[in-house]
Structures are given as C-alpha cells and as structure tokens.
Amino acid sequence: MEILIDTREKPNAIGKIIKQFEENNIKYARSKLFVGDYMSLANARFVIDRKQDLQELCGNVCQQHQRFKAELQRANELGIKVCILVEHGGNISCLEDVKGWINPRLKKSPKATKGETLYKILDTLSWNYNVDFEFCKKGETGLKIIELLKKNGG
C-alpha cells in the first residue's frame with residue numbers, strides 16, 4: 001500500500017502518524033489532495049480527513065459550515081467517499097458518544113455548541129453527504145488510517 005498525505009498536513013502534527021506508517025512498511029508520499037488528508041493510491045475514491053479533536057471538528061462544522069459543506073458536496077459529486085477521523089480518545093469512540101461531549105468553550109460561553117447539537121449536525125452531514133465518522137486516540141491515528149484505507153480498497 002502507498003498512501004498520499006496532503007501537503008497541508010503540518011509535518012510536526014503528523015510525525016507519529018508517519019512513524020506508524022514506517023513501522024508497518026507503508027510507503028507514503030506528500031501531494032496536494034483535492035479532498036481530505038490521506039488517500040491510498042489503490043483507491044482514489046476513498047479519503048480520510050483527520051481532525052485533531054472534537055473541538056476542531058466543531059469549529060469546522062459550526063463556524064466554517066458553508067466551506068466544510070461545500071467540500072463534502074464536491075467530494076460527493078465526484079463519487080469520493082469521505083471518512084472524518086477524529087483523534088479525540090477518552091469516552092468518544094463512535095458518533096453516538098458525541099452527544100455526551102462537553103465542549104470546553106462552554107466554561108467561557110454558555111452559547112457554545114453542546115455535544116447533543118454537534119451530534120445532530122454530524123448525523124445530518126453523514127446522512128446528506130454519505131460521510132463516515134471514525135474516532136481514535138491520538139497515539140493510534142496512523143494505525144487507524146492504515147486500517148481504514150485497507151478496509152476500503154487500499
């Protein structure tokens with residue numbers, strides 16, 4: 001398997017991911033991807049978009065909703081399946097668990113997005129754009145990327 005990594009992925013942020021690729025004899029190269037952050041050369045119709053935690057994802061789907069939705073729509077129109085991989089860990093292991101997420105921003109702003117609201121937004125995006133949401137601990141991201149790409153024809 002050879003994995004393409006989007007050039008917008010910051011080298012400091014993906015050091016552990018690359019190390020896991022190397023430990024598993026996975027070849028990789030950096031290239032600007034049209035959609036997502038990771039793609040197997042064997043299947044350009046499946047991409048993984050990595051988010052460092054639920055707070056980043058919340059910002060994408062709330063503050064940058066139109067841009068985020070447009071990217072999903074472009075992928076959908078081109079027949080590209082998107083999987084959002086969230087490096088959150090803790091008690092968040094599936095989309096349903098997002099309902100119980102406590103947004104750290106609630107301490108400063110009672111109007112910050114609550115877990116239940118974020119869940120509804122993500123569930124709607126999943127339904128409307130055929131997006132999958134996967135969750136992992138930060139130390140397992142590289143292995144999870146390999147697993148997901150292999151499972152989807154990589």
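**Exercise 1. Determine whether Cys 58 is buried or exposed, and find which cysteine sulfur is closest to its own.**

Solution. Cys 58 has a relative accessible area of 5%, and the classes are buried under 20%, exposed over 50% and partly exposed in between, with a 1.4 Å probe and protein chains only; Cys 58 is therefore buried. The structure is a predicted model, in which local features need pLDDT of at least 70, side-chain atom pairs count only at pLDDT 80 or more, and totals for chains, interfaces and linings use all residues. Residues are numbered from 1 along each chain as its sequence is written, and side-chain values use heavy atoms, with hydrogens and water left out. The closest cysteine sulfur to that of Cys 58 belongs to Cys 62, at 3.9 Å. A disulfide is a pair of cysteine sulfur atoms within 2.5 Å, so the sulfur of Cys 62 is too far from that of Cys 58 for a bond.

**Exercise 2. Describe how helix H1 packs against helix H5, giving the angle, the crossing and the contact residues.**

Solution. Helices (H or I, at least four residues) and strands (E, at least two) are DSSP runs, numbered from the N terminus. Helix H1 (residues 15–23) and helix H5 (residues 141–151) pack with their axes 7 Å apart, at an angle of about 55°, where axes are lines fitted to C-alpha atoms, for helices over the stretch in contact, and angles run from 0 to 180 degrees between N-to-C directions. That makes H1 oblique to H5, since angles under 35 degrees count as roughly parallel, over 145 as roughly antiparallel, 65 to 115 as roughly perpendicular and the rest as oblique. The crossing of H1 and H5 is right-handed, which is the term used if the near helix is turned clockwise from the far one by less than a right angle, anticlockwise being left-handed. Counting contact as heavy atoms within 4.5 Å, Ile 17, Gln 20 and Phe 21 of H1 meet Thr 141, Gly 142, Leu 143, Ile 145 and Ile 146 of H5.

**Exercise 3. Work out how helix H3 is placed relative to helix H4, and which residues make the contact.**

Solution. Helix H3 (residues 65–77) packs with H4 at an angle of about 25°, their axes being 10 Å apart. H3 is therefore roughly parallel to H4, and the crossing of the two helices is right-handed. On the H3 side the contact is made by His 65, Phe 68, Lys 69, Leu 72, Gln 73 and Asn 76, and on the H4 side by Leu 125, Asn 128 and Tyr 129.

**Exercise 4. State what the phi angles of Asn 25 and Asn 130 are, and locate both residues.**

Solution. Most residues other than glycine have a negative phi. Asn 25, however, has a positive phi near 55°; Asn 25 sits in the loop between H1 and strand E2 (27–31) and is exposed, with a relative accessible area of 70%. Asn 130 likewise has a positive phi of about 55°; Asn 130 belongs to the loop between H4 and strand E6 (132–136) and is partly exposed, at 46% relative accessibility.
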